[in-house]
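Subject: A structure for you to explore

Hello,

Here is the structure I promised to hand over. Please open it and keep it beside you while you read my notes below.

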Amino acid sequence: MQTTSLTSAVEEHLAAARAAGAGRSSHTLYGGQEHRLRQTLIALAEGRSLGEHESPGEATLQVLRGRVRLHAGDETWEGVAGDHAVVPVARHDLEAVEDSAVLLTVAVGTRPPG
């Protein structure tokens with residue numbers, strides 16, 4: 001059985017994000033070439049963002065620590081630890097309002113209707 005301490009992973013990657021020039025750190029906890037499901041822990045230092053990008057397919061975002069803003073077109077969602085959102089199909093950006101960690105879950109190779 002494969003297990004991961006999200007608490008430990010969040011601490012490790014937030015420290016790495018704070019030290020990194022780009023202000024972020026990520027690690028795929030589950031998934032890869034042989035899987036359709038991918039779960040990635042993303043840590044962002046306060047004030048940093050992923051930058052606008054295309055939707056990875058059918059995906060959700062769970063805030064594990066901190067506070068983030070997800071921007072998609074004219075829409076903005078602000079989430080805090082414990083919140084969960086469906087990632088929009090449109091181009092979007094994720095911004096850390098404070099040091100934050102999220103769990104991105106993607107069904108690789110899928111495109112939700114939109």
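This is a predicted model: local features need pLDDT of at least 70, side-chain atom pairs count only at pLDDT 80 or more; totals for chains, interfaces and linings use all residues.

**Overall picture**

Residues are numbered from 1 along each chain as its sequence is written, and side-chain values use heavy atoms, with hydrogens and water left out.

The protein has 1 helix and 8 strands, and from the N terminus on they run α-β-β-β-β-β-β-β-β. Here helices (H or I, at least four residues) and strands (E, at least two) are DSSP runs, numbered from the N terminus. The radius of gyration is 14 Å, close to the 13 Å that the globule rule gives for 114 residues, so the protein is as compact as a globular protein of that length. That radius is taken over C-alpha atoms, and the rule is 2.2 Å times the number of residues to the power 0.38. Along its principal axes, the C-alpha trace spans about 40 × 35 × 25 Å. Of the 114 residues, 35% count as buried; buried means under 20% relative accessible area, exposed over 50%, and partly exposed in between (1.4 Å probe, protein chains only).

**The sheet and the helix**

Strands of a sheet pair through backbone hydrogen bonds, either parallel or antiparallel. In this protein, an open sheet of 5 strands has the order 1-2-8-3-6, with antiparallel pairing (two strands pair if DSSP finds at least two bridges between them). Strand 1 (24-30) and strand 6 (84-86) stand at the edges with a single partner strand each, so one side of each has no neighbour in the sheet. Within the sheet, strand 3 (residues 58-65) and strand 8 (residues 100-107) pair over 7 bridges, and Leu61 stands opposite Leu104 in strand 8.

Which strands does helix 1 lie across? Helix 1 (residues 6-19) lies across strand 1, strand 2 (37-44), strand 3 and strand 8, at about 50° to strand 2. For such angles, axes are lines fitted to C-alpha atoms, for helices over the stretch in contact (heavy atoms within 4.5 Å), and angles run from 0 to 180 degrees between N-to-C directions.

**A hairpin and two residues to look up**

Strand 4 (residues 67-72) and strand 5 (residues 75-80) form an antiparallel pair over 6 bridges. Their hairpin has 2 residues between the strands, and Gly73 there takes a positive phi near 60°. His71 stands opposite Thr76 in strand 5.

His71 also leads us to Glu95, as a polar contact of 2.9 Å joins their side chains (a pair of N or O atoms within 3.5 Å; within protein, one must be able to donate a hydrogen and the other to accept it, and residues adjacent in sequence count only if both atoms are side-chain atoms). Glu95 sits in strand 7 (residues 93-96) and is partly exposed, with a relative accessible area of 21%.

Leu50 lies in the loop between strand 2 and strand 3. At 28% relative accessibility, Leu50 counts as partly exposed. Leaving out residues up to four places away in sequence, Leu50 touches Arg24, Ile42, Leu44, Asp93 and Leu94.

Enjoy exploring!
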